[in-house]
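Please open the model in your viewer and keep the selection tool at hand. The tour goes from one selection to the next and says what is found at each stop.

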Amino acid sequence: TATAYIGLGANLNDPIDQLCTALTALSQLPGSRLLGISSLYGSKPLGPQDQPDFFNAVAALQTELEPLALLDALQSQEQEQGRVRRRHWGERCIDLDILLLGDTQWYCPRLTLPHKELTQRSFTLIPLAELDPHLCLPDGRRVSQLTPAFDGELQRCQHS
Ligand SMILES: CC1(C)Nc2nc(N)[nH]c(=O)c2N=C1O
């Protein structure tokens, strides 16, 4: 098995509830075990600004699933939660992205691992470093070395 890090994002139709629904689905994924969940973060949308702020989190999932099987499972969960693609980089009720799958480096049209934008986005990097401060990327970089560039960009939501 390998540890997958899944990026979750939502900014439509009660986003926090959407994230909870997705996390419940992840905890029930066959051949997988939910190891941990980052804090919940709020962030300004990257892309068109005429959309609501996003809520983001990252989940750590131990899984036996192969990359494309995991991708299929995540994409069917997005459909299940009624994701409709309206415009490029537009609002969506749920986004489930594989950020990392162990040390796998995977380059195919459907899936790139590690996620292409992983180190360019506060809302993936900061929750990831929270989950595993010592995490190393396949190219050897430590995520905790990359987060200072994004200090102050992300709001950790108040724990209810
Ligand atoms: C539309 C785009 C690029 N912008 C985002 N912006 C933020 N803040 N969070 C996201 O999860 C997110 N996801 C996206 O896919």
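Begin by selecting the ligand: the space it takes is the largest pocket. A pocket here is an open set of points, on a 1 Å grid over the protein atoms alone, where a 1.4 Å probe fits and protein lies on both sides within 12 Å along at least five of seven lines. A molecule sits in a pocket if more than half of its atoms lie within 2 Å of the grid points of that pocket. This is a predicted model, in which local features need pLDDT of at least 70 and side-chain atom pairs count only at pLDDT 80 or more, while totals for chains, interfaces and linings use all residues. Residues are numbered from 1 along each chain as its sequence is written, and side-chain values use heavy atoms, with hydrogens and water left out.

**The shell of the ligand**

Next, select the residues around the ligand (a heavy atom within 4 Å): Ser-43, Lys-44, Pro-45, Leu-46, Phe-54, Asn-56, Trp-89, Arg-92, Asp-95, Arg-121 and Phe-123. By class, this shell has 5 nonpolar, 2 polar and 4 charged residues.

Now display the polar contacts (pairs of N or O atoms within 3.5 Å). At Ser-43, an N or O atom of the side chain is 2.7 Å from a nitrogen atom of the ligand. At Asn-56, an N or O atom of the side chain lies 2.8 Å from an oxygen atom of the ligand. Of the 350 Å² of accessible area that the ligand has on its own, the protein covers 95% (Shrake-Rupley method, 1.4 Å probe).

**The largest pocket**

The largest share, 5 residues, comes from β5.

**The second largest pocket**

Finally, select Ile-16, Leu-19, Cys-20, Leu-23, Ile-37, Ser-38, Ser-39, Leu-40 and Ala-57, which line the second largest pocket. About 160 Å³ of space lies there. Which helix gives the most to this lining? Helix α1 (residues 15–27) does, with 4 residues. By class, the lining has 7 nonpolar, 2 polar and no charged residues.

Conventions: Polar contact = N/O pair within 3.5 Å; in protein donor to acceptor, adjacent residues only side chain to side chain. 1 Å grid on protein atoms, 1.4 Å probe; cavity = no way out; pocket = protein on both sides within 12 Å on 5 of 7 lines; lining within 4 Å. Nonpolar A, V, L, I, M, F, W, Y, C, P; charged D, E, K, R; others polar. Helix = DSSP H or I, 4+ residues; strand = E, 2+ residues; numbered from the N terminus. Points joined across faces, edges and corners; volume = space filled by probe spheres on them.
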